[in-house]
Amino acid sequence: MPTERNALFVLRDSDGRVLIQHRDRYAPHNPNRWGLFGGGIEGGESPEDAVRREADEELGIELRGIKLYKEYEIPTVEGSNEVHQKYV
């Protein structure tokens with residue numbers, strides 16, 4: 001079965017505080033919810049490249065010094081799995 005590959009990232013400051021995203025009611029996915037930044041990994045793109053691209057697209061920032069935190073799969077209603085990778 002096909003899987004959707006996503007890469008998510010967490011931004012922390014020197015005090016350990018985390019920046020998360022509040023999706024407004026018009027968001028195409030998961031409106032009115034809190035979440036992490038990131039998105040789909042495009043064809044031929046590495047997870048690290050996807051995280052860097054998403055940071056630029058969503059926040060207008062350049063990420064440096066990222067490291068993989070965790071990789072996991074989530075079963076979906078359709079029976080496939082979504083693979084998520086978190087970077088910090």
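Which residues of α1 are buried? They are Pro-47, Ala-50, Val-51, Arg-53, Glu-54 and Ala-55, where buried means under 20% relative accessible area, exposed means over 50%, and partly exposed lies in between (1.4 Å probe, protein chains only).

## Basis of the report

This is a predicted model, in which local features need pLDDT of at least 70 and side-chain atom pairs count only at pLDDT 80 or more, while totals for chains, interfaces and linings use all residues. Residues are numbered from 1 along each chain as its sequence is written, and side-chain values use heavy atoms, with hydrogens and water left out.

## The chain as a whole

The protein chain holds one helix and eight strands, and read along the sequence these elements follow the pattern β-β-β-β-β-β-α-β-β. Helices (H or I, at least four residues) and strands (E, at least two) are DSSP runs, numbered from the N terminus.

Of the 88 residues in the protein chain, 31% are buried. The accessible surface of the chain comes to about 6,300 Å², and 48% of it belongs to carbon and sulfur atoms; such areas come from the Shrake-Rupley method with a 1.4 Å probe, and for residues only the protein chains shown count as cover. Among contacts (heavy atoms within 4.5 Å) with a separation of 6 or more, 45% are accounted for by residues 24 or more positions apart.

## The helix and the core

The 13 residues of α1 should span 18 Å at 1.5 Å a residue, and the end C-alpha atoms of α1 are 18 Å apart, which agrees; the expected span is 1.5 Å times one less than the number of residues in the helix. Just after α1, Gly-60 takes a positive phi of about 70°.

The largest nonpolar core consists of nine residues, namely Ala-7, Phe-9, Phe-37, Ile-41, Ala-50, Val-51, Ala-55, Leu-63 and Ile-66. The elements giving two or more residues to this core are β1 (4-9) and α1 (47-59), and α1 gives the most, with three residues. A nonpolar core is a set of buried Ala, Val, Leu, Ile, Met, Phe, Trp, Tyr and Cys residues joined through side-chain atoms within 4.5 Å.

## The aromatic pair

One aromatic pair is found when the whole structure is searched. Because the rings of Phe-9 and Phe-37 have their centres 5.8 Å apart and their planes at 25°, the pair is stacked. It links distant parts of the chain, with Phe-9 in strand β1 and Phe-37 in strand β6, 28 residues apart, and both Phe-9 and Phe-37 are buried.

For such pairs, rings of Phe, Tyr and Trp (its six-membered ring) must have centres within 6.5 Å, and planes under 30 degrees apart count as stacked, over 60 as edge-to-face and the rest as tilted.

## Loop residues

Glu-45 is found in the loop between β6 (37-40) and α1, and at 16% relative accessibility Glu-45 counts as buried. The side chain of Glu-45 makes a polar contact with the side chain of Arg-53 (2.8 Å), a polar contact being a pair of N or O atoms within 3.5 Å; within protein, one must be able to donate a hydrogen and the other to accept it, and residues adjacent in sequence count only if both atoms are side-chain atoms. Leaving aside neighbours within four places in sequence, Glu-45 is in contact with Arg-5, Gly-40, Ala-50 and Arg-53.

Asn-30 lies in the loop between β4 (21-23) and β5 (33-35), and Asn-32 is found in the loop between β4 and β5. Although it is not a glycine, Asn-30 has a positive phi of about 50°, and Asn-32, also not a glycine, has a positive phi of about 55°. Asn-30 counts as partly exposed at 48% relative accessibility, whereas Asn-32, at 52%, counts as exposed.
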